[in-house]
Amino acid sequence: MGAGVDPTQMCRRLVDKVGRWEQLFAVADPNLLVLSEDWLEALEEEVVTLVKEQGISDSNQVSQELGLSPAGAAFLLTKLKQEGRLV
């Protein structure tokens, strides 16, 4: 993880957000859910492209390129590495 990133706090925020998403899923229009999934998949592909084609692998660089928070970029990089989509 990048310097200054507290993994425990990041996990807590993620769990809180997942809880909020679950509440929204119960009342959300199914079409909106598909858009959210599509957006996340497109964002993941952008990260993969940055890493593979431009050699950008630092979460701060990814966050600047894509307009994400550094913590969000670090999360995506970690997720993609764990899924085997990035080395």
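I looked up the accessibility of Glu45 first: at 42% relative accessibility, Glu45 counts as partly exposed. My cut-offs are under 20% relative accessible area for buried, over 50% for exposed and partly exposed in between, with a 1.4 Å probe and protein chains only. I am working on a predicted model, where local features need pLDDT of at least 70, side-chain atom pairs count only at pLDDT 80 or more, and totals for chains, interfaces and linings use all residues. I number residues from 1 along each chain as its sequence is written, and side-chain values use heavy atoms, with hydrogens and water left out.

Next, the partner of Glu45. I found a salt bridge to Arg85, with the closest N and O atoms 2.3 Å apart. Glu45 sits in helix H2 and Arg85 in the segment after H4, so this pair ties together parts 40 residues apart in sequence. I count a salt bridge when a side-chain nitrogen of Lys or Arg is within 4 Å of a carboxyl oxygen of Asp or Glu. Helices are DSSP runs (H or I, at least four residues), numbered from the N terminus.

I then checked Arg85 itself. Arg85 is partly exposed, at 24% relative accessibility. Arg85 also forms a salt bridge with Glu44, the closest N and O atoms being 3.0 Å apart.

Is Glu44 buried or exposed? I noted 5% relative accessibility, so Glu44 counts as buried.

I followed Glu44 to Lys79. Their closest N and O atoms are 2.6 Å apart, in another salt bridge. Lys79 is in helix H4 (residues 70-82) and Glu44 in helix H2 (residues 30-54), 35 residues apart.

Last, the wider picture. Salt bridges link Glu44, Glu45, Lys79, Glu83 and Arg85 in a network. My search of the whole structure gave five salt bridges.

How values were computed:
Helix = DSSP H or I, 4+ residues; strand = E, 2+ residues; numbered from the N terminus.
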